[in-house]
Amino acid sequence: AGVAGVAATKAAKKLEKQVVLVCDEPYLPYFRPRLPEVIHNNLTINDILMNKAEWFELQKIKLILSKTVVNIDTKLKIVTFSDGETASYEKLIIASGSIPNKPNIDGANEVLTLRTYDDAITIKQKSVGKAVFIIGGGVLSIETAFALIKNGCKVAIAEHNEYLLHRQLDSNGGIFLKEKLEQLGIEIFTKPDFIALKYKI
């Protein structure tokens with residue numbers, strides 16, 4: 001029930017198909033890129049919804065929430081949910097997205113991930129007055145760091161590449177971004193920093 005799933009749903013409805021949209025969360029489909037705003041701007045789930053419940057009803061899209069698919073029988077065209085219930089289909093679209101890699105880090109009391117609305121609420125509650133270390137220098141990580149620094153946290157970002165946003169920027173842009181974030185009080189560690197620490201340069 002992310003952006004891809006809802007887009008696929010809209011496309012199927014244009015073909016006048018009956019559509020069932022399944023989500024393992026209890027919420028209506030929402031915009032995940034806005035999760036950092038939940039941390040800083042006190043947004044609720046209703047503030048980041050893609051569409052209200054009435055829209056899905058009007059479009060005659062059946063929503064199945066708080067359900068996890070654990071098995072797909074492609075021969076019989078049946079999906080099985082974790083509670084044992086099943087549903088049949090004619091065409092199946094898998095738009096489940098990815099699951100964050102949660103590393104086991106020595107010395108870290110708790111490692112949190114940011115993928116769901118509940119994750120954002122947990123991070124907001126547990127980060128109060130804390131020093132936060134963010135692994136990854138992508139857009140979501142930077143926006144989360146900005147949200148946390150605004151909440152009064154001490155924040156550092158670690159990126160294993162040469163500079164932040166290496167897929168979007170060149171090296172000059174990455175260096176410029178690092179300088180701007182450091183001016184906000186966000187500490188940045190990139191690949192050269194790790195090499196220097198490793199060899200104690």
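How many helices and strands are there in the protein chain? Colour by secondary structure and you'll find 7 helices and 8 strands, taken as DSSP runs (helices H or I, at least four residues; strands E, at least two) and numbered from the N terminus. Before going on: this is a predicted model, where local features need pLDDT of at least 70 and side-chain atom pairs count only at pLDDT 80 or more, while totals for chains, interfaces and linings use all residues. Residues are numbered from 1 along each chain as its sequence is written, and side-chain values use heavy atoms, leaving out hydrogens and water.

Zoom out now. The C-alpha trace spans about 60 × 35 × 35 Å along its principal axes. Of the 201 residues, 34% count as buried (under 20% relative accessible area, 1.4 Å probe, protein chains only).

Next, select Tyr30, Ile48, Tyr117, Leu148, Val155, Ile157 and Ile186: they touch the most other members of the largest nonpolar core, which has 30 residues. Such a core is a set of buried Ala, Val, Leu, Ile, Met, Phe, Trp, Tyr and Cys residues joined through side-chain atoms within 4.5 Å. Elements supplying at least two residues each include α2 (35-41), α4 (117-126) and β7 (154-158). Show α5 too, which gives the most, with 5 residues.

Stay with Ile48. Beyond its neighbours within four places in sequence, Ile48 is in contact (heavy atoms within 4.5 Å) with Tyr30, Phe31, Arg34, Leu35, Val38, Leu43 and Tyr117.

Last stop: select Ala12, Leu21, Met50 and Ile61, which are among the 9 residues of a second, separate core.

Methods. Buried means under 20% relative accessible area, exposed over 50%, partly exposed in between (1.4 Å probe, protein chains only).
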